[in-house]
Amino acid sequence: MNRHRTLVLAGLTAGALFALGCSSSYGGKSPSADAGALAPAPVAFATVQLSPTQGNSAAGTVTFAEMKDGTVHVVADLTGLTPGQQHAMHVHEKGDCSAPDATSAGSHYNPEQHVHGLPPADPRHAGDLGNVTADAKGNAHYEMTVTNITVRGTKNPIDGRSVIVHAKPDDGGQPVGNAGGRVACGVIVAR
């Protein structure tokens with residue numbers, strides 16, 4: 001009888017712990033009721049560690065999460081930018097940040113030979129990510145979803161290329177947006 005009571009109490013405790021876990025993970029709803037609201041896992045993921053070019057202080061991280069539907073979610077967190085200013089951000093054709101001014105990264109990644117453009121313009125260079133806006137402290141958080149690249153897929157793969165942050169905003173002009181010097185560079189590494 002004592003063993004039976006122990007098993008019942010253990011079962012009740014496990015059930016309560018499971019319910020608590022569901023409530024914290026799913027906002028108090030059952031997992032099946034909220035499963036559609038959970039973000040799907042990416043099918044491919046890449047990260048970039050941006051470092052400043054010579055004489056600059058811009059740095060940060062950029063992530064690329066390729067989803068099952070073919071979209072790529074881009075998230076950038078940057079520091080050391082010119083406060084209150086927009087800065088262009090592009091994927092460049094080469095994964096080489098060795099030159100002091102990052103010119104070793106080449107030009108915008110443009111495998112389909114489109115004209116330059118600002119998102120959401122379509123078509124545009126595969127590497128055209130638009131502008132990030134720095135706050136009063138020179139920090140920026142940026143998110144966008146694109147459909148013209150993949151991390152490692154067959155459509156304009158970016159793994160092994162680079163991300164460049166520029167000194168000025170991209171004005172959409174030809175051929176590459178008049179964005180000025182390169183203040184940060186990092187190589188895209190798929191995980």
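Cys 185 is buried, at 5% relative accessibility. Keep in mind that everything here comes from a predicted model. The partner of Cys 185 is Cys 97, and the two form a disulfide with their sulfur atoms 1.9 Å apart. Cys 97 sits in the loop between strand 4 (86–92) and strand 5 (128–133), while Cys 185 belongs to strand 8 (residues 182–190), so the link ties together parts that are 88 residues apart in sequence. If you care about geometry, the link is left-handed, with -70 degrees about the S-S bond. The disulfide count comes to one.

Now for strand 7. What surrounds this strand? Five of its five residues are buried, so strand 7 is largely enclosed by the rest of the structure. Ser 162, Ile 164 and His 166 point one way, Val 163 and Val 165 the other way. Strand 7 has strand 4 as a partner: the two run antiparallel and are joined by four bridges. In that pairing, Met 89 stands opposite Val 165. Strand 8 also runs antiparallel to strand 7, with five bridges joining them.

Which side chains make polar contacts with the side chain of His 166? His 90 does, at 3.1 Å, and so does His 92, at 3.4 Å. Leaving aside neighbours within four places in sequence, His 166 is in contact with a list of residues that includes His 87, Ala 88, Ala 179, Gly 180, Gly 181 and Val 183. Both His 90 and His 92 are on that list too, as is Arg 182.

There is also a salt bridge to mention, and the count comes to one. The side chains of Arg 152 and Asp 159 meet in it, at 3.7 Å from N to O. Are its two ends buried or exposed? Arg 152 is exposed, with a relative accessible area of 53%, whereas Asp 159 is partly exposed at 36%.

Here are the side-chain pairs side by side:

| Pair | Kind of link | Distance |
|---|---|---|
| Cys 97 and Cys 185 | disulfide | 1.9 Å |
| His 166 and His 90 | polar contact | 3.1 Å |
| His 166 and His 92 | polar contact | 3.4 Å |
| Arg 152 and Asp 159 | salt bridge | 3.7 Å |

How values were computed
Residues are numbered from 1 along each chain as its sequence is written. This is a predicted model: local features need pLDDT of at least 70, side-chain atom pairs count only at pLDDT 80 or more; totals for chains, interfaces and linings use all residues. Side-chain values use heavy atoms; hydrogens and water are left out. A disulfide is a pair of cysteine sulfur atoms within 2.5 Å. Buried means under 20% relative accessible area, exposed over 50%, partly exposed in between (1.4 Å probe, protein chains only). A polar contact is a pair of N or O atoms within 3.5 Å; within protein, one must be able to donate a hydrogen and the other to accept it, and residues adjacent in sequence count only if both atoms are side-chain atoms. Contact means heavy atoms within 4.5 Å. A salt bridge is a side-chain nitrogen of Lys or Arg within 4 Å of a carboxyl oxygen of Asp or Glu. Two strands pair if DSSP finds at least two bridges between them.
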